[in-house]
Amino acid sequence: MTTDRARALDLDAYFARIGWTGERRPTVEVLRSVHRAHALGIPFENLDPVLGRAPSLALADLEAKLVRGERGGYCYEQNTLLSTALTALGFRITLLCARVLLGVAPGDVRPRTHMLMRAEVPGDPTPYLADVGFGADTSLLEPIPLVADVELHDVPRRHRLVHAPHDGPLELWKLQAKGVGGEWEDQYAFTLEPYQAPDYEVINWHIATNPRSPFRHQLYVQRTTPDAHLALMGRRLVETAADGTRKERELADGDEVLRVLAADFGIRLPEGTRLPE
């Protein structure tokens, strides 16, 4: 992250969007509270790819969309925005890329497409993994120390990082989330190799436009609140309470989807927008 990009972000508008009012210093508590506020404040959504366009990752466009435009975004948008804000606050950020493991069938290998980051706090020897763009009811609500086998209770969720064997020269990490039954479930795997903005431009284009990409064809919208997690997949709306209980219903048509997006997710699209059937 460059200091020019960090200075370009309107921090006042960003913090107002996520409802954060803390002291603007690079401390562990600020890292945790900004991360949680962002995770609760800006929904995950892939409406641009579903509507036939690749989202812009330019900071001005992200600010117009996610901060001022009553919209959300997916990992490249969310984590670009958070990493820029954290850099402006004085944290040292290294962008990373992960291979998603959640929901993968045995033997399948997905490409590295998920954006996340390593955050360093001045004066603290322990780095943190930060990620507000995973888009699942098992995603991180707070950054997790980059230490193996130490459980994080990011209420109401639980996470840990573990090492995993692989053939590469760099240490492989896996993020795991604790399921309702107490079992640890793999979320994604990553190394600490740094990635740069042009890398995500290529990955973003692939995810948004490849005819085989699930993000191109099906709507995925997520919103976490202090009490529950809402997920809209196509027309199926799922509400998961903190205790793991779920309520599901099928929405009738695209018009109801648009109403639910506005009422339940805080996402408002331009007048006249029609979703693909």
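Helix α6 comprises 15 residues and spans 21 Å from its first C-alpha to its last, close to the 21 Å expected at 1.5 Å a residue; the expected span of a helix is 1.5 Å times one less than its number of residues. Helices (DSSP runs of H or I, at least four residues) and strands (runs of E, at least two) are numbered from the N terminus. The model is predicted, so that local features require pLDDT of at least 70 and side-chain atom pairs count only at pLDDT 80 or more, while totals for chains, interfaces and linings use all residues. Residues are numbered from 1 along each chain as its sequence is written, and side-chain values use heavy atoms, with hydrogens and water left out.

Of the 15 residues of α6, 14 are buried, and the helix is mostly covered. Here buried denotes under 20% relative accessible area, exposed over 50%, and partly exposed the range in between (1.4 Å probe, protein chains only).

An open sheet of 5 strands is arranged in the order β1-β10-β11-β12-β13, with antiparallel pairing; two strands are taken to pair if DSSP finds at least two bridges between them. Strands β1 (44-45) and β13 (246-250) form the edges, and each has a single partner strand, so one side of each is left without a neighbour in the sheet. Within this order, the antiparallel pairing of β11 and β12 extends over 6 bridges, and His229 is placed opposite Thr240 in β12. Further antiparallel pairing joins β2 (residues 92-100) to β3 by 8 bridges, with Ala98 opposite His114 in β3. Strand β3 is also joined to β4, in antiparallel fashion, by 3 bridges; in this case Met117 faces Ala130 in β4.

The structure contains 9 aromatic pairs. Rings of Phe, Tyr and Trp (its six-membered ring) are paired if their centres lie within 6.5 Å, and planes under 30 degrees apart count as stacked, over 60 as edge-to-face and the rest as tilted. Tyr74 and Phe215 make an edge-to-face pair, at 5.9 Å centre to centre and 75° between the planes. Tyr74 belongs to the loop between α5 (59-67) and α6, and Phe215 to helix α8, so the pair ties together parts that are 141 residues apart in sequence. Tyr74 is buried, at 2% relative accessible area, whereas Phe215 is partly exposed, at 23%. Phe134 is buried at 11% relative accessibility, as is Tyr188 at 0%. Ring pairs also link Phe44, Tyr74, Tyr76, Phe215 and Tyr220 into a cluster.

Grid points are joined across faces, edges and corners, and a volume is the space filled by probe spheres set on the points.

The largest pocket holds about 950 Å³ of space. Its lining consists of 33 residues, and Val100, Leu102, Arg110, Phe215 and Tyr220 are the closest to its centre. At least two lining residues come from each of α6 (75-89), β3 (112-120), α7 (197-209), α8 (214-217), β10 (220-224), β11 (228-233) and β12 (236-241). By class, this lining has 16 nonpolar, 12 polar and 5 charged residues, where Ala, Val, Leu, Ile, Met, Phe, Trp, Tyr, Cys and Pro count as nonpolar, Asp, Glu, Lys and Arg as charged, and the others, Gly among them, as polar.

The second largest pocket has a volume of about 440 Å³. Its lining contains 23 residues, with Asp137, Pro156, Arg157, Val180 and Ala242 nearest its centre. Two or more of these residues are given by each of β7 (157-164), β8 (172-178), β11 and β12. The lining divides into 8 nonpolar, 7 polar and 8 charged residues.

There is 1 cavity of 30 Å³ or more, and the largest cavity holds about 130 Å³ of space. Among the 17 residues lining the largest cavity, Ala39, Phe44, Val132, Ser139 and Thr224 lie nearest its centre. Strand β10 gives the most to this lining, with 3 residues, and the classes are 9 nonpolar, 6 polar and 2 charged.

How values were computed. 1 Å grid on protein atoms, 1.4 Å probe; cavity = no way out; pocket = protein on both sides within 12 Å on 5 of 7 lines; lining within 4 Å.
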